Amino acid sequence: MTDPAPVTWPPAPIRTERLVLRQPAPRDRPAFVDLFSSPEVGTYVGGASDRDELERSMPEVPGRRPGVFVADLDDTMVGVVLLERRPAAQVRPEAGRFELGYLFLPRAWGRGYALEACAAVLEWFAAEAPGEPVVLCTQSANAASMRLAARLGFTELERFEQFGAEQWLGVRVG
């Protein structure tokens with residue numbers, strides 16, 4: 001397996017019909033705390049983090065690293081989309097070296113923002129690394145994420161047990 005072409009980071013902000021996908025900024029810190037301390041958000045990702053601990057330990061600019069996009073609606077963070085290189089030990093020939101993930105604040109659920117944001121990030125990535133597969137992993141019990149994966153064009157590679165629940169791994173070739 002050859003290494004994929006380098007991806008230009010950071011990209012210019014990606015604009016969709018309603019969102020701007022951009023790098024994290026200091027003004028996003030309170031929304032990151034809300035996101036990671038939300039019991040609703042934590043349902044399928046191992047639970048919520050302690051809010052007080054997050055307030056103490058979160059850096060001034062949370063998530064400032066390649067592959068992290070803030071989903072911004074009207075100058076307010078409503079979620080994050082991650083497109084990050086997977087650890088070498090997790091890479092298989094039929095699976096991608098990059099993994100898509102996303103978390104949105106509960107107030108943004110049910111409005112299509114995750115679909116809009118993830119589709120835009122995948123489109124950007126397909127232009128940066130043509131033909132490079134991307135994987136997505138979610139709990140199979142997370143019906144909304146399973147529907148989103150299908151709408152984004154991910155197809156099942158496998159199901160496995162991890163974190164006390166069945167996980168679904170899908171792949172999409174851009």
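Asp 74 sits in the loop that links strand 3 (68-73) to strand 4 (76-85). In this predicted model, Asp 74 has a positive phi of about 55 degrees, even though it is not a glycine. The next stop is Asp 75, which lies in the loop between strand 3 and strand 4 as well. Its phi is near 65 degrees, again a positive value in a residue other than glycine.

Why do these values deserve a second look? Because most residues other than glycine have a negative phi.

The peptide bond leading from Trp 9 to Pro 10 is cis, and its omega is near -5 degrees. For context, most peptide bonds are trans.

## The buried side of helix 1

Helix 1 covers residues 29-37, and its buried residues are Arg 29, Ala 31, Phe 32, Val 33, Leu 35 and Ser 37. As a handy reminder when you look at that list, an α-helix has 3.6 residues a turn, so residues three or four places apart point the same way.

What do the buried residues of helix 1 pack against? Their partners include two helices, helix 2 (39-42) and helix 3 (51-57). They also pack against strand 3, strand 4 and strand 5 (98-104).

Terms used:
Residues numbered from 1 in each chain as written. Predicted model: local features only at pLDDT ≥ 70, side-chain atom pairs only at ≥ 80, totals over all residues. Heavy atoms only, no water. Helix = DSSP H or I, 4+ residues; strand = E, 2+ residues; numbered from the N terminus. Buried < 20%, exposed > 50% of the residue type's maximum accessible area, 1.4 Å probe, protein only. Contact = heavy atoms within 4.5 Å.
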